[in-house]
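Reader: Please pick one part of this model and go through it closely, then place it in its surroundings. Give me the cut-offs as you go.

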2 protein chains.
Amino acid sequence: MGIDFELTPKQKRPAGEPCCEPVVYPDVERAQAERMGAIAKALGDPVRIQLVDVLRKHAGKVCVCELVPLFDLSQPTVSHHLKKLRDAGIVGSERQGLWAYYYVLPEAMEELSAWLT
Amino acid sequence: MGIDFELTPKQKRPAGEPCCEPVVYPDVERAQAERMGAIAKALGDPVRIQLVDVLRKHAGKVCVCELVPLFDLSQPTVSHHLKKLRDAGIVGSERQGLWAYYYVLPEAMEELSAWLT
DNA sequence: ATTCGAAATCGATGCCCATCGATCTACGTA
DNA sequence: TACGTAGATCGATGGGCATCGATTTCGAAT
């Protein structure tokens with residue numbers, strides 16, 4: 001359990017004057033912190049926040065051709081943002097003929113939300 | 001309300017074969033998306049996730065001199081991460097003599113959590 | 001006054017990221 | 001078969017970020 005960090009302070013401080021109570025092990029271990037950080041990082045862009053918001057409010061699969069004109073960005077850039085969200089497990093995609101449809105996978109956001117609260 | 005994006009699709013598609021239902025306005029406007037993105041971006045690093053976790057679980061003010069040895073990082077690097085969290089409004093700080101104490105400001109994380117759920 | 005120490009800041013470095021135009025892929029249509 | 005189109009990928013570019021050692025700042029202690 002816990003993290004393989006050093007926990008015994010290396011600095012010495014004046015005797016009889018501790019600066020605070022000793023800190024215990026962080027109870028998310030490093031792997032979970034990296035997972036939370038990865039989700040948060042994927043959401044750390046206003047364009048991707050709005051993409052997720054549109055997909056979520058639509059409550060279904062949305063075609064990329066509907067997403068691109070929502071932004072003042074090129075089609076490759078929107079595709080790049082969608083890929084970031086997909087790599088983080090926040091959205092899924094599905095191809096039907098020429099068109100590609102994206103949808104929210106709620107689990108990732110529930111993970112982060114559960115950690116936040 | 002809403003976002004100043006173009007909403008009428010510019011691409012024409014084969015008649016009688018719509019790819020999906022039309023997308024409505026995103027109901028977080030751009031400013032709110034940027035706020036959410038800023039919070040998520042500040043949390044988008046495993047070190048900062050663990051910093052927040054330690055501060056939160058400690059339920060009080062924690063001295064920087066206790067935080068630094070938790071990580072295999074230099075003191076300036078930890079200070080840099082704390083500054084990022086402070087700039088995003090996720091933590092607050094307080095100086096007492098030589099030492100500096102940090103603590104979680106729950107409002108920012110509640111903001112993001114409320115948007116996520 | 002001088003020294004010591006905790007924390008922030010500075011400057012440099014190497015890497016990652018957002019963005020674009022151009023290209024590629026693959027499917028539908030004429 | 002050839003063409004047109006939706007979306008992904010490529011390569012380049014400019015800016016931002018994580019990290020470090022060195023320095024600065026300022027309060028404490030001798």
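Author: In α2(A), the buried residues are Pro46(A), Val47(A), Arg48(A), Ile49(A), Gln50(A), Leu51(A), Val52(A), Val54(A), Leu55(A) and His58(A). Buried means that 20 or more other C-beta atoms lie within 10 Å of the residue's own; 12 or fewer means exposed, anything in between partly exposed, and C-beta atoms are placed from the backbone. The helix is mostly covered, with 10 of its 13 residues buried.

The model is predicted: local features need pLDDT of at least 70, side-chain atom pairs count only at pLDDT 80 or more, and totals for chains, interfaces and linings use all residues. Residues are numbered from 1 along each chain as its sequence is written, while chains are lettered from A and ligands numbered from 1 in the order in which they are written.

Now the length of the helix. Helix α2 of chain A covers residues 46-58, and at 1.5 Å a residue its 13 residues should span 18 Å. The expected span is 1.5 Å times one less than the number of residues. The end C-alpha atoms are 18 Å apart, so the two values agree. Just after α2(A) comes Ala59(A), with a positive phi of about 55°.

Next, the chain around this helix. Chain A has five helices and three strands. Both kinds are DSSP runs numbered from the N terminus: helices are H or I with at least four residues, strands E with at least two. The order from the N terminus is α-α-β-α-α-β-β-α. Of the 117 residues in chain A, 37% are buried. Take the contacts in chain A between residues at least 6 apart in sequence: 56% of them join residues at least 24 apart. A contact means C-beta atoms, placed from the backbone, within 7 Å.

Now the strands. β2 (residues 91-96) and β3 (residues 99-104) of chain A run antiparallel and are joined by six bridges. Strands pair if DSSP finds at least two bridges between them. Ser93(A) stands opposite Tyr102(A) of β3(A). Two residues lie between the strands of this hairpin, where Gly97(A) has a positive phi near 65°.

Tyr101(A) also belongs to β3 of chain A. It counts as partly exposed because it has 19 C-beta neighbours inside 10 Å. Between Tyr101(A) and Gly44(A), 57 residues apart in sequence, the C-alpha distance is 22 Å.

Neighbours within four places aside, Tyr103(B) contacts Leu55(B), Gly60(B), Lys61(B), Val91(B) and Gly92(B).

Last, the DNA. Around DNA strand D there are 27 residues, of which Cys65(A), Pro76(A), Pro76(B), Thr77(B) and Gly97(B) come nearest. Two or more residues each come from α3 (64-67), α4 (75-87) and β3 of chain A, and from α4 (75-87) of chain B. A residue is near a strand if its C-beta atom, placed from the backbone, lies within 6 Å of it.

DNA strand C has 26 residues around it, and Pro76(A), Thr77(A), Gly97(A), Cys65(B) and Pro76(B) come nearest. Here α4 of chain A and α3 (64-67), α4 and β3 of chain B give two or more residues each.

Note on methods:
Contact = placed C-beta atoms within 7 Å.
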